[in-house]
Amino acid sequence: MRKLLASLAFTMGAVGAAHADLEADADAAAGREKAQSCAACHGPSGISPSSAFPHLAGQQMSYTAKQIMDIRDGRRLVPQMAGQVDDFSDQDAWDVAKYFAEQDANLGQVDPDNTEQLARGEELYRAGDLSRGIPACAACHTPTGEGIGSAAYPALSGQFVEYTVATLQAFASGERANDPANIMRDIAAKMSDDDMEAVANYMYGLH
């Protein structure tokens, strides 16, 4: 656990220093123009109409910018986005990210009758499962699920359950591998399918 926390602290500092200038120059108006091609899958304001695609509204700017650049540069493979951001400059990525960051985030509402699963999800999110080496999600994504911009840790609240589960499964299998220092791959690999469903359902209604 101490090694993980040390890695998180190092990553936060490195990411913040690397992107400070581009973030400072980000232009939401320019991003809105560039984001028009994103609307079909992610919605005009970043609220996706389909659980196959994530909500981008209210997402941490640093996280969205990183994902755009990772997809563009082949560090993250997303078949549905093939060619979509090939012509984006780094500044374009930050402009689009700023536009979406300034939109109102999706607010999810959980099924209140799903008490047992939600209780397990809350336990994992807030305390983790130290017996299996699973840290609390809140340590990186904050107690309210808003993420940490300086470390490019994403907001998770209100995200589609199906998308969150699919993302955790992709990290667990190694299909997705653009997480700094293997952080999410190491964590997700220790989670069961039930764990993933539980925490995804809890985060959907977190705000």
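# Helix packing, a loop and salt bridges

Thr164 lies in helix H8. Its relative accessible area is 9%, so Thr164 is buried. The model is a predicted one.

**Thr164 and the H8/H10 pair**

- Leaving aside residues up to four places away in sequence, Thr164 touches Gln159, Ala200 and Met203.
- Helix H8 covers residues 161-173, and helix H10 covers residues 193-204.
- The axes of H8 and H10 come within 9 Å and cross at roughly 140°.
- An angle over 145 degrees would count as roughly antiparallel; at roughly 140°, H8 and H10 are therefore oblique to each other.
- The crossing of H8 and H10 is right-handed.
- On the H8 side, the contact is made by Val161, Thr164, Val165, Leu168, Gln169 and Ala172.
- On the H10 side, the contact is made by Asp193, Met196, Glu197, Val199, Ala200, Asn201, Met203 and Tyr204.
- Ala200 and Met203, which Thr164 touches, are among these H10 residues.

**The H6/H10 pair and Glu122**

- Helix H6 spans residues 115-127.
- H6 packs against H10 at an angle of about 90°, with the two axes 7 Å apart.
- H6 is therefore roughly perpendicular to H10.
- H6 contributes Gln117, Leu118, Arg120, Gly121, Glu122, Leu124, Tyr125 and Arg126 to the contact.
- H10 contributes Asp195, Glu197, Ala198, Val199, Asn201, Tyr202 and Met203 to the contact with H6.
- Glu197, Val199, Asn201 and Met203 are among the H10 residues in contact with H6, and they are also among those in contact with H8.
- Glu122 is located in H6 and has a relative accessible area of 37%, so it counts as partly exposed.
- Glu122 touches Ala127 and Tyr202, with residues up to four places away in sequence not counted.
- Tyr202 is one of the H10 residues in the contact with H6.
- Glu122 and Ala136 are 14 residues apart along the chain, and their C-alpha atoms are separated by 9.6 Å.

**The loop between H8 and H9**

- Asp179, Ala181 and Asn182 are placed in the loop between H8 and H9.
- Helix H9 consists of residues 183-188.
- Asp179 has a relative accessibility of 7% and therefore counts as buried.
- The side chain of Asp179 reaches the backbone nitrogen of Met184 at 2.8 Å.
- Asp179 touches Phe171, Met184 and Arg185, not counting residues up to four places away in sequence.
- Of these, Phe171 falls within H8 (161-173), while Met184 and Arg185 fall within H9 (183-188).
- Most residues other than glycine have a negative phi.
- Asn182 is partly exposed, with a relative accessible area of 34%.

**Salt bridges**

- Side chains of opposite charge can pair when their charged atoms come close.
- The count of salt bridges comes to 14.
- Lys66, Asp70, Arg72, Asp73, Arg75 and Asp90 are linked in a network of salt bridges.
- Asp73 has a relative accessibility of 40% and so counts as partly exposed.
- Arg75 is partly exposed as well, with a relative accessible area of 47%.
- Another salt bridge joins the side chains of Asp129 and Arg120, at 3.2 Å from N to O.
- Asp129 counts as buried at 13% relative accessibility, whereas Arg120 counts as partly exposed at 22%.
- Arg120 is also one of the H6 residues in the contact with H10.

Note on methods: Residues numbered from 1 in each chain as written. Predicted model: local features only at pLDDT ≥ 70, side-chain atom pairs only at ≥ 80, totals over all residues. Heavy atoms only, no water. Helix = DSSP H or I, 4+ residues; strand = E, 2+ residues; numbered from the N terminus. Buried < 20%, exposed > 50% of the residue type's maximum accessible area, 1.4 Å probe, protein only. Polar contact = N/O pair within 3.5 Å; in protein donor to acceptor, adjacent residues only side chain to side chain. Contact = heavy atoms within 4.5 Å. Salt bridge = Lys/Arg side-chain N within 4 Å of Asp/Glu carboxyl O. Axes fitted to C-alpha atoms, helices over the stretch in contact; angles between N-to-C directions. Parallel < 35°, antiparallel > 145°, perpendicular 65-115°, else oblique. Left-handed = near helix turned anticlockwise from the far one by under 90°.
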